[in-house]
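Please read them with the coordinates open beside you.

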Amino acid sequence: MKEDNCLHAALICLGMLYYSHAITTEKLNHARPSLHGHHEKGKEGQVLHRSKRGWVWNQFFVIEEYTGPDPVLVGRLHSDIDSGDGNIKYILSGEGAGIIFVIDDKSGNIHATKTLDREERAQYTLTAQAVDRNTNRPLEPPSEFIVKVQDINDNPPEFLHENYHANVPERSNVGTSVIQVTASDADDPTYGNSAKLVYSILEGQPYFSVEAQTGIIRTALPNMDREAKEEYHVVIQAKDMGGHMGGLSGTTKVTITLTDVNDNPPKFPQSVYQMSVSEAAVPGEEVGRVKAKDPDIGENGLVAYSIIDGDGMDMFEITTDYETQEGVVKLKKVLDFETKKSYSLKVEAANVHIDPKFISNGPFKDTVTVKITVEDADEPPVFLKPSYIFEVPENAASGTVVGKVHAKDPDAANSAIRYSIDRHTDLERYFTINADDGNIKTIKALDREEIAWHNISVFAVEVHKQHQEAKVPVAIKVVDVNDNAPKFAAAYEAFVCENARSNQQFITISADDKDDSANGPRFIFSLPPEIIHNPNFTLRDNRDNTASVLVRREGFSRQKQDLYLLPIVISDGGLPPMSSTNTLTIRVCGCDSNGSLLSCNAEAYILNAGLSTGALIAILACIVILLVIVVLFVTLKRQKKEPLIVFEEEDVRENIITYDDEGGGEEDTEAFDIATLQNPDGINGFIPRKDIKPEYQYMPRPGLRPAPNSVDVDDFINTRIQEADNDPTAPPYDSIQIYGYEGRGSVAGSLSSLESATTDSDLDYDYLQNWGPRFKKLADLYGSKDTFDDDS
């Protein structure tokens, strides 16, 4: 700090000396006004002297950061025409005029009222002018001048970053460039050494160094090992004034990390690994892990494992877990404790990526011995074969031996084995097995045509350890026996034309046999011996499992015979051969001249040629419909009609409708009951209909009802007529409309025939014979006696 204050005082002294020099120069200029004259030549060569301004400056200087008690005198303005009487007034304008720079309008002295900073502003441009104090008339043209701020070393160097981070590979050669740091100084680089920087290292020796002029950091020691120390902290200083005493300085921190290179081989921490595995382990199961340590990181530390030797190379394998960098030993094949109880492996661990620069540090691999012990396990029985296939002929007798399965206990105990059939695979129980020796036999006869293969499963269980069991599939093939005769391949029905020609083929037949092809490789077709000379048809065996049926004679007639049945014998090629007789139905049909089928019905041949089959069917259908309509109509006529109105007890009209005796005429009151006509149920309530559903119930008006004890039929009938006319729910007829009441004193007399049958009458009733069958009964009763006797 003392050094900085001394330097500041020295600069102020220099500034004062410079100011005195400026004043001296000004006096000299006053003594030599001709230097400020302007010479011009006239037209005739005369030299004219025109006095310009009398300013005595070019530019002024002021030291920055001045902190004295009084304003700093920057300079003085003075005009040649100023005689000192105070009539001239000096005016200052421009950058900072009146704020930073002020002028004494009488003497022309300029002072700086504020402390200036060159780094903030290096110079100011001002304009000066001399005017008459009284009239403000310019006495000199305005003129510009510059005030420069003189730099001092007041800014320390600053680095671009407060902290730097850099990487350099480990084991780099001395002088390897790591990073370049850069600092800047705000002072004027063109004036003195205020901005001349020099770099030096304060911390980080002896590992790193820095170039003084460029700031480049370089390695200073060889073979720096990342595995020993990975990170270094370096402090770099930048100092101005060329590094000399009194200069200002700044520092920065640089963190340098050594990056890894593959300079270390993998190493196993031990020479032998001990592992164990059960013989019951399945292939792919993990046995154990080994790990070789490599201090390198990243891809330089990647290690690959392999088995390079040992008696277990075929039984085990090793893979690399790249997340943990471990070697995983896995089982490759099934183990057997009884066969081999231990194995030895030689495992190698090698780097995946090798740097040729450090190959001399190798080899970059290591080996270790892995010993694996096989542990005994209680194993289930093992069948001698993974599966069994047996054959048995179909229709074999019950108890026929199919085959034998065998299993054993792989353990040293060699326990006894018991066998059984999985009944889920033999639901029909076709087979049984001997529990002790594994012999499989049939229980019932087998049919190849029903099931050709039987797939069952057999269990083997240790006698003393029921939980230890094994299962094996057994396939049983049912061998075919020629026990099925061949038959027609389809339900054949042949057609032959009436105009067929002799030896004309009209159908080809084939056969089918349920037996295996070995028992029927070729079918033989023939006619039975008794009809081998059939006059109508003959058979030809095509020797390709088909046969053709041909016409033997010409001309057939549907009127004589329209259907023929031809027996055909089919034999197979089995041992012994099987045969069957099949009947071929042959119909005789009418054909056109081209042999196209027209009709096969014999009835159609004798009908009128102009009437087609469709027309005959239509006529028959119409006749049947008419007969059905007639029968239905008669049936409906005979049925008793059900009354449309439902009464609770008895319909009033029933007496009138079913009453068939007139009795004694109008005076006969025994035929009906007045009280019945005055049915209180019919008066008090509405009688429901069967054929309609009334929308609402009609309530008769009280004024229209007769008295309950009235016996006047006329009033009763009139009342009922009015109710029927005014009732919207009434049917189109009522009991009154069908009641045949004649009234009093009818002159027609009685129509009853009960009495007339007992009296002699002179009337002639023979005309009743002409009235039709409906009056036949009356004609028989009342006709002439002679006619009756004749009829009898």
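1. Strands in these notes are DSSP runs of at least two residues, numbered from the N terminus. With that convention, Asn536 falls in the loop between strand E38 (524-526) and strand E39 (537-541). Setting aside residues up to four places away in sequence, Asn536 touches Leu550, Val551, Arg552, Arg553, Phe556 and Tyr564.

2. The model is a predicted one, and its confidence should be kept in view throughout. The protein averages a pLDDT of 77, and 75% of the residues score at least 70. Over residues 604-609 the pLDDT is below 50, and this stretch has 5 contacts in the model beyond near neighbours in sequence. Residues 689-693 also have a pLDDT below 50, with 11 contacts counted on that basis. Where pLDDT is low, the predicted coordinates should not be read in detail.

3. As for the overall description, the secondary structure comes to 9 helices and 43 strands, and buried residues make up 33% of the 792 residues in the protein. Among contacts with a separation of 6 or more, 66% are between residues 24 or more positions apart. The accessible surface comes to about 48600 Å², of which carbon and sulfur atoms hold 52%.

4. Which residues touch the most other members of the largest nonpolar core? Of its 26 residues, they are Val290, Tyr305, Phe316, Val347, Val370 and Ile372. At least two residues of this core come from each of strand E19 (272-278), strand E20 (286-290), strand E21 (303-310), strand E22 (316-321), strand E23 (326-331), strand E24 (342-351) and strand E25 (365-375). Apart from this core lies another, of 25 residues, which has Ile507, Phe525, Leu527 and Leu584 among its members.

5. Leaving out residues up to four places away in sequence, Val290 touches Phe268, Tyr273, Met275, Tyr305, Ile318, Glu326, Gly327, Val347 and Val370.

6. Beyond residues up to four places away in sequence, Gln237 touches Phe159, Val198, Tyr199, Ser200, Leu202, Ser249, Gly250 and Thr251.

7. Ile354 sits in the loop between E24 and E25, and with a relative accessible area of 43% it is partly exposed. Once its neighbours within four places in sequence are left aside, Ile354 is in contact with Asn262, Ile359 and Phe364. The C-alpha atoms of Ile354 and Glu299 are separated by 9.6 Å, while the two residues are 55 residues apart along the chain.

Note on methods
Residues numbered from 1 in each chain as written. Predicted model: local features only at pLDDT ≥ 70, side-chain atom pairs only at ≥ 80, totals over all residues. Heavy atoms only, no water. Core = buried A, V, L, I, M, F, W, Y, C linked by side-chain atoms within 4.5 Å. Buried < 20%, exposed > 50% of the residue type's maximum accessible area, 1.4 Å probe, protein only. Helix = DSSP H or I, 4+ residues; strand = E, 2+ residues; numbered from the N terminus. Contact = heavy atoms within 4.5 Å. pLDDT = per-residue confidence, 0-100. Areas by Shrake-Rupley, 256 points an atom, 1.4 Å probe, with all protein chains shown as cover.
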